[in-house]
Amino acid sequence: MQHLQGIGVSAGIASSKAELIKPSLIEVEKKQVEDTAAEWQRVEAAKKTSIEQLEEIYQHTLNNIGKKEAEIFAAHLMIMQDEEFFGPIKQLIENNKCNAEWALKEVGERFIKMFADMDNLYMQERAADIKDVVQRLLRILSGTEKSKLGTEKSIIVAHDLTPSETARFNKKDVLGLIMEVGGKTSHSAIIARSLGIPAVVGVKGILEKINKNDELIIDGSKGEIYLNPDQVTLAKYQELKNDFLQEQEKYMKIKGSSAITKDGHKFELAGNIGLPSEVEMVLENEGEGIGLFRTEFLYMERNSFPTEEEQFKAYQLVAKKMQGKPVIIRTLDIGGDKDLSYFDFPEESNPFLGFRAIRLSLERTDLFKTQLRAILRASNYGHIKIMFPMISTVQELRGAKSFVNDAKEELQTEGIPFAEDIEIGMMMETPAAAVMSDEFAKLVDFFSIGTNDLIQYTIAVDRMNARVANLYSPFNPAVLRLIKEITENAHQEGIWVGICGEAARIPALIPYYVGLGVDELSMSAGSILESKWIIQQLDTSKLVNMMRDIENMDNTAEIKSFLEASLAKLS
Ligand code: PEP
Ligand code: MG
């Protein structure tokens, strides 16, 4: 048994065998085989798995992204059925008595070259499809398939995954996730949480230590990993898993009740989503609205920017599904760790401090306008609000608001209906905005505190960097002071304030937010009921002493243990 330590980013315990996702291209060696029929059988089996995967990806893309994007996988499926491609592979295995991988690579390269040499651009692009198909088959043959992702129950071990790769996980089969890189607020971690998959990140070098099918236990709260655990450890974790499930059952029991403290103060609990398909999870967990719709996920896993119509449909779908409950649509927040394959980002040494979010929207005003028009059009079908990410100056906010007015005027001229009184809010996620929150509060209808970024910018600690993750804490007194100041300034101007960063769902901090009078908390769907349970145990009149004690503390660890001890007294 081996014990490894990472950063726990999504609570829960999982035990299963490992499924490795290696990032590099598969290296292929030529080997002699005796039984060519068996070798061909391997190709047939890989082909079958590949077709199953592609059909699943096709459906998923069609349902969640769009028809045009789904067509890419339809083209891959056609290659899988193509005798002109598979015939020569079979021949090569039989004539050369070689292994399946080598035959596949040889024939694949021949086809790739043939397409790449064609004059027609469309045909040249088919070379990339063949490359993709060959890599998929090679991954399946070598047992390191990247896209299989759960036709069998397993714990996924990867160097890194894009947020959209994580979004494709199926909770039934992907029991856990381990990544070599990342931090608590990397977007893959956020998605793992919203899917309720236990996850540990920042485990350097793990791919060298683990083999496919090794037995693993992961504890997504503590960040612990056990490789090939002994019987005692297995039994201990089985018990912990049962405790965790029991705890979840306790939260299920309060379904149907409201998030009201013992002395009658009501708080709003909402859900964060990245795709329309996540709305069901929020409703199932009794989210009273969508506090953060991260629209950038609509821009991922595709080859071009989504059109106004495509975006309108997605926003309209969410608005309709939420049936009049508020839906806060955040305008595009791309950059940082969120990349687009079809957009040429500048090389930056600090992408989180660079060309990101509102900065990009105010430069690429064509994209911004398209998105604002789509949001406004959808506002006619539900209770939509607009929110701008990463505002750091008043001028940026004024600029962004003027584009909303331009879009409104355009729609008015075109006779297209929208909610004229649509509320406009901003993320409070830069220290500059927090310090100026008294001014900002005069210019917007609401604030939503983005603690993921507010923490990284306040403490100057990269949210993705495992090396400095010990510094990254939502209990940091400077961060808590900023949250307090933002809340007071919002209320001073009579606007409401929410928190939509990951710190919103941290149990020990919820009494602190309640004590401050934060109006709304928005989080991964899986945390809503637990947060509601905590709010129901609180009495605001009894929080006064606690709030004063915290104000007098200057030490992150001390604040954390103090708040955790206070929370423990509730149960
Ligand atoms: C945040 O920064 O807290 C936030 C909610 O935005 P994101 O995680 O998408 O940057
Ligand atoms: Mg942010």
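A polar contact is taken here as a pair of N or O atoms within 3.5 Å. The structure examined is a predicted model, and the contacts below refer to that model.

Under this cut-off, G450 contacts ligand 1 through its backbone, with an N or O atom 3.3 Å from an oxygen atom of the ligand. T451 also contributes a polar backbone atom, located 3.1 Å from a ligand oxygen. From E429 the contact comes instead from the side chain, one polar atom of which is placed 2.9 Å from an oxygen atom of ligand 1. On its own, ligand 1 has 290 Å² of accessible area, and the protein covers 100% of it.

The shell around ligand 1 comprises 17 residues, and the closest are R294, R330, G450, N452 and R463. Sorted by class, eight of the shell residues are charged, five are polar and four are nonpolar. Three secondary-structure elements each provide at least two shell residues, namely helix α7 (187-195), strand β10 (290-294) and helix α17 (451-459). Of the shell, the largest share is that of α17, with three residues.

Ligand 2 is a magnesium ion, coordinated by E429 through OE and by D453 through OD, at distances of 2.0 to 2.1 Å. E429 is situated in the loop between β13 (424-428) and α15 (431-435), whereas D453 belongs to helix α17, so the two coordinating residues tie together parts that are 24 residues apart in sequence. Since the limit for a buried residue is under 20% relative accessible area, E429 counts as buried at 2%. D453 is buried as well, with a relative accessible area of 2%.

A disulfide is a covalent bond between the sulfur atoms of two cysteines. With a limit of 2.5 Å between cysteine sulfur atoms, the count of disulfides in the model is zero. Among the cysteines, C98 has a relative accessible area of 0% and is buried; C500, at 1%, is likewise buried.

Notes:
Residues numbered from 1 in each chain as written. Chains lettered and ligands numbered in written order. Predicted model: local features only at pLDDT ≥ 70, side-chain atom pairs only at ≥ 80, totals over all residues. Heavy atoms only, no water. Near = heavy atom within 4 Å. Polar contact = N/O pair within 3.5 Å; in protein donor to acceptor, adjacent residues only side chain to side chain. Areas by Shrake-Rupley, 256 points an atom, 1.4 Å probe, with all protein chains shown as cover. Helix = DSSP H or I, 4+ residues; strand = E, 2+ residues; numbered from the N terminus. Nonpolar A, V, L, I, M, F, W, Y, C, P; charged D, E, K, R; others polar. Donors = N, O, S within 2.8 Å, 3.2 Å for Na, K, Ca; no water. Buried < 20%, exposed > 50% of the residue type's maximum accessible area, 1.4 Å probe, protein only.
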